[in-house]
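I opened my notebook to get to know a new model. Here is what I looked up, step by step.

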Amino acid sequence: MAQAQAELLNEVVPLRTKIANLEAVAETSKAYQKKLKDQCVDREQKLGKYEVALANKTDECSRLTAENASLQAKVQELTSALAYKDQEIIMQAASFKVAEEKLVEEAASGFAEGFAEALVQAACANPGIDVSGCSPLNKVVDGKIVAMEASNEQPLPSASQPNT
């Protein structure tokens with residue numbers, strides 16, 4: 001029996017060593033498994049934060065997209081209004097140009113009529129005076145009647161100037 005016990009003891013010792021080694025490996029595996037679980041928890045927390053941030057950014061993107069669409073519609077509306085105002089201004093400018101031309105014509109006509117009436121009055125007030133050389137396009141320079149555009153040229157003959 002002693003020999004059987006010794007044989008069993010010889011078989012048990014290596015098995016105990018194997019068990020001890022396996023227990024050490026199991027403890028190392030448990031520590032590694034705990035480390036992996038902690039990493040998973042950290043990553044899940046980070047993932048949760050990223051999902052919240054993504055949801056916030058998605059909401060912000062949706063809000064900005066809607067705001068952009070609204071602003072683009074406003075720009076289109078303002079562009080149309082500006083184009084309409086542009087057309088109004090162009091039409092007003094043309095109308096003002098026509099009115100200006102009409103007023104210039106009326107003023108010129110009124111001036112010509114007034115000048116002609118002034119000549120008639122001068123001739124009536126001074127019988128025998130020659131007003132035939134008088135024109136609204138002439139002026140007096142150094143006592144002589146000259147054309148406004150050609151004031152450096154020879155004076156025009158008039159009744160007050162004797163012909164030489």
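This is a predicted model: local features need pLDDT of at least 70, side-chain atom pairs count only at pLDDT 80 or more; totals for chains, interfaces and linings use all residues.

**Notebook: a first look**

I began with the secondary structure and found 1 helix and 2 strands in the protein. Reading along the sequence, I noted the pattern α-β-β.

Next I wondered how spread out the protein is. Its radius of gyration came to 57 Å, while the globule rule gives 15 Å for 164 residues, so the protein is more spread out than a compact globule. I also looked up the box that the C-alpha atoms fill, and along the principal axes it is roughly 180 × 35 × 15 Å.

Then I turned to burial. What share of the 164 residues counts as buried? I wrote down 4%. For the surface, I found that the protein exposes about 14300 Å², with carbon and sulfur atoms supplying 61% of that area.

Contacts came after that. I took those between residues at least 6 apart in sequence, and 6% of them join residues at least 24 apart.

I checked the cysteines too. How many disulfides are there? The count is 0. I looked up C40 and found a relative accessible area of 44%, so C40 is partly exposed. C61 has 46% relative accessibility, so C61 also counts as partly exposed.

My last entry is about charge. The protein has 17 positive and 24 negative charges, and I noted that their mean positions are 20 Å apart.

Note on methods. Residues are numbered from 1 along each chain as its sequence is written. Side-chain values use heavy atoms; hydrogens and water are left out. A disulfide is a pair of cysteine sulfur atoms within 2.5 Å. Buried means under 20% relative accessible area, exposed over 50%, partly exposed in between (1.4 Å probe, protein chains only). Helices (H or I, at least four residues) and strands (E, at least two) are DSSP runs, numbered from the N terminus. The radius of gyration is taken over C-alpha atoms; the globule rule is 2.2 Å times the number of residues to the power 0.38. Contact means heavy atoms within 4.5 Å. Accessible areas come from the Shrake-Rupley method with a 1.4 Å probe; for residues, only the protein chains shown count as cover. Lys and Arg count as positive and Asp and Glu as negative; His and the chain ends are not counted. The place of a charge is taken as NZ of Lys, CZ of Arg, CG of Asp or CD of Glu.
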